[in-house]
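I went through this structure one topic at a time and kept short notes. The entries follow in the order I made them.

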Amino acid sequence: MTAVGAAAPPGRGVAELRGQVRELTDRWLAEGRYVPRSDCWLRSFDLEFSRELAARNLIGLTWPTEFGGGGLDARCRLAVTEELLRAGAPVAAHWIGDRQIGPTILRHGSAELQRELLPGIVSAEHIFCLGMSEPEAGSDLAAVRTTATKVDGGWRVNGLKTWTSQAHHATHAYLLARTDSSGRKHEGLSEFVVDMSGDGVEVSPIRDMAGEHHFNEMRFTDVFVPDRRLIGTVGGGWRQVIEQLSFERGGPERVLSTYPLLRQSIQWLREMRDDRFDDELGELVGRLGTLRRQCWEIAEAIDAGRAPVTQAASLKYRGTAFEVDVIEFARRVGLPATGDGPLGRALSASPGFSIRGGSSDVLLSIIAKSETAEARS
Ligand SMILES: Cc1cc2nc3c(=O)[nH]c(=O)nc-3n(C[C@H](O)[C@H](O)[C@H](O)COP(=O)(O)OP(=O)(O)OC[C@H]3O[C@@H](n4cnc5c(N)ncnc54)[C@H](O)[C@@H]3O)c2cc1C
């Protein structure tokens, strides 16, 4: 991939960052230490790899240097994440902390919480999972029933979270919980950070249809969470989590989950000396360029201090459709579809693309509402 229009900050520019990532992924590949795969940001967990990135200061790239961050802009981070996804590298260990929990703590967390948690995310010591969804609250996230009840010095948490990616490896959970049930459902929600090693936290595996274990159920029974682990304000959880979802939806992982398969398809066509699919390939590459441009615009909005909620919803809606079309392309060009091969693995992961992080139906509704609001203003 070539860089899309970023201004290179002095000393640590986009090209240099891309080079650092390529050096690391190429070396790991040559040493046989990982197999590139689709959906690596969710499924390929390797603490050692994340710590090698951390040693190169490639986690928390946009965060202030006082917390160990790189002090660079979101476009630099975009270049790094594009390269990691392009290589299908094992990045799941640090992805959630780097992408959304660190930025949320930076936006809303107290100075104490920032000092306590950010350096550990940057060094890949703290591994985060996302405790949002519940059996009755996925698309309707405001319906969460997990409660956090005020007690002396903190909060007592009870409830069940589901589909929690990598909870079985996490040291910390982000938790959206109800702190007040008396008002409307969007009110009375608050955000917390919970220690996964604490008393009363139970994690049980959920296997996907291919038998892979990447998500889980998390049960909280009378779990004590100290006051300092509240993120932002009591009752401010809904506004805060909506912002957080723009970090979750607005990155290149909503476009590039199947990029390794696109590369393999191109390689395959070259080896077969088959040019029958050139037009289709050209269309896919054109769409990819447009989507990357959209990622770039979102990074610029984040640099300008905005939380680009609608832009991110639109990227995820269009990006996940592209990811699935890449799989269909690979199938049509004739890549073998064995269960544990690259195409088989991408196929079995694909039903989740348009669901996780907000289903496509729900994203369309967010986009339509914002268009209507703009038309009325
Ligand atoms: C691979 C994967 C990883 C995940 N990881 C995590 C994680 O780490 N942490 C976490 O908290 N969650 C995670 N999730 C959960 C994910 O965010 C939810 O599955 C998602 O928000 C949908 O919620 P639901 O499963 O309850 O489906 P439902 O909300 O029950 O939706 C079912 C169907 O109804 C449609 N629908 C629902 N409401 C509307 C509406 N208002 N308008 C139109 N259509 C509607 C949906 O589009 C969908 O097709 C993960 C999911 C997947 C697939």
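I looked at what comes after α6 and found Ala124, which has a positive phi near 60 degrees. I note here that the model is a predicted one. Helix α6 runs over residues 111–122.

I then asked which residues of α6 are buried. They are Leu113, Gln114, Leu117, Leu118, Gly120, Ile121 and Val122.

I looked up Ser133 and placed it in the loop between β1 and β2 (147–151). Is Ser133 buried, exposed or partly exposed? Its relative accessible area is 22%, so I put Ser133 down as partly exposed. Setting aside neighbours within four places in sequence, I listed the contacts of Ser133 as Gly138, Leu141, Leu160, Lys161, Thr162 and Trp163. For one of these, Lys161, I also took the separation from Ser133: 28 residues in sequence, and 5.7 Å in space from C-alpha to C-alpha.

I describe two packed helices by the angle between their axes and the distance between the axes. For α10 (residues 309–333) and α11 (residues 342–349), the axes come within 10 Å and cross at roughly 145 degrees. I recorded the crossing of α10 and α11 as left-handed. Which residues make the contact? From α10 they are Ile327, Ala330 and Arg331, and from α11 they are Leu343, Ala346 and Leu347. Sorted by type, the residues of this contact are five nonpolar, one charged and no polar.

I searched the whole structure for disulfides and the count was zero. I then took two cysteines separately. Cys76 is in no disulfide, and the nearest cysteine sulfur to it belongs to Cys295, 15 Å away. Cys76 has 0% relative accessibility and so counts as buried. Cys295 is likewise in no disulfide; its nearest cysteine sulfur is that of Cys40, at 14 Å. With a relative accessible area of 3%, Cys295 is also buried.

Notes
Residues numbered from 1 in each chain as written. Predicted model: local features only at pLDDT ≥ 70, side-chain atom pairs only at ≥ 80, totals over all residues. Heavy atoms only, no water. Disulfide = S-S within 2.5 Å. Buried < 20%, exposed > 50% of the residue type's maximum accessible area, 1.4 Å probe, protein only. Helix = DSSP H or I, 4+ residues; strand = E, 2+ residues; numbered from the N terminus. Expected span 1.5 Å × (residues − 1). Axes fitted to C-alpha atoms, helices over the stretch in contact; angles between N-to-C directions. Left-handed = near helix turned anticlockwise from the far one by under 90°. Contact = heavy atoms within 4.5 Å. Nonpolar A, V, L, I, M, F, W, Y, C, P; charged D, E, K, R; others polar.
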